[in-house]
Amino acid sequence: MPQSLDLANHQLVALTRSSLAALRAALIRDAGPAAASYLQEAGYAGGEMLFDSFRSWLASRTEAQPEELAVEEFEQYATEYFRDAGWGSLKVGTLNDAVATLDSDDWGEADPSSGIDHPACHLTTGMFADFFGRIADTPLAVLEVECRSMGAPRCRFLVGNADVMEHVYEEMGRGVDYEEAVGSVL
């Protein structure tokens, strides 16, 4: 039977959710809107090591490489891995065949008590951009469109190529709902 994730051997550290929430709050307080890019950059910087950790963890469970897994298998293993690492569960899907969706009703970066008025899992968006870009073998962009820190029942991340995600982001900036923005991708 596979053992739980050994953080030290996977070049990971444990950080409490309250510490991560306090770090985000301090950055937002002191850096304002720039805090999001600082956290995204930090998440992106850790993506390679996280992917290597996932690959190693996966090797103890199956002979398949992450890139070889069917979507259902990937969802099962990714949820187990991210849960073992303390992040939470993931449900993988698509929206209008234009972007991938990653949904979690227990994502570790979210702080439902914070009452933030915008999605705030910035470390995760950077981390996911690198992590899923490695699986796709192409650069990807990630946009959080629902967040438990805002009182939503789940965190929802959209994953797609940079052009598609830029279009969605711009449309949302004009007040268009993200689902409609994704639906308008040409």
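These legends describe close-up views of one predicted model. Local features need pLDDT of at least 70, side-chain atom pairs count only at pLDDT 80 or more, and totals for chains, interfaces and linings use all residues. Residues are numbered from 1 along each chain as its sequence is written, and side-chain values use heavy atoms, with hydrogens and water left out.

**View 1**
Strands are DSSP runs of E with at least two residues, numbered from the N terminus. Two strands pair if DSSP finds at least two bridges between them. Angles run from 0 to 180 degrees between N-to-C directions, and axes are lines fitted to C-alpha atoms, for helices over the stretch in contact.

**View 1. Strand 1 and strand 2 form a hairpin.**
Between the two strands lie 3 residues. Asparagine 96, in the turn, has a positive phi of about 55°. Strand 2 spans residues 99–104 and runs antiparallel to strand 1, with 5 bridges joining them. Lysine 91 stands opposite aspartate 103 in strand 2. Threonine 94 has alanine 100 as its bridge partner.

**View 2. Strand 2 also pairs with strand 4.**
Strand 4 covers residues 155–160. Again 5 bridges join the strands, which run antiparallel. Here alanine 100 has valine 159 as its bridge partner. Strand 2 is mostly covered, with 5 of its 6 residues buried. Buried means under 20% relative accessible area, using a 1.4 Å probe and protein chains only.

**View 3. Helix 2 packs against helix 4.**
Helices are DSSP runs of H or I with at least four residues. Helix 2 holds residues 34–59, and helix 4 holds residues 122–136. Their axes are 6 Å apart, at an angle of about 40°. The two helices are therefore oblique to each other: this word covers angles left over once those under 35 degrees (roughly parallel), over 145 (roughly antiparallel) and 65 to 115 (roughly perpendicular) are set aside.

**View 4. Residues of helix 2 meet residues of helix 4.**
Contact means heavy atoms within 4.5 Å. Helix 2 brings residues including Leu39, Tyr44 and Phe51. Helix 4 brings residues including Leu123, Met127 and Phe131. The contact residues divide into 12 nonpolar, 6 polar and 3 charged. Ala, Val, Leu, Ile, Met, Phe, Trp, Tyr, Cys and Pro count as nonpolar; Asp, Glu, Lys and Arg count as charged; the others, Gly among them, count as polar.

Technical notes. Buried < 20%, exposed > 50% of the residue type's maximum accessible area, 1.4 Å probe, protein only.
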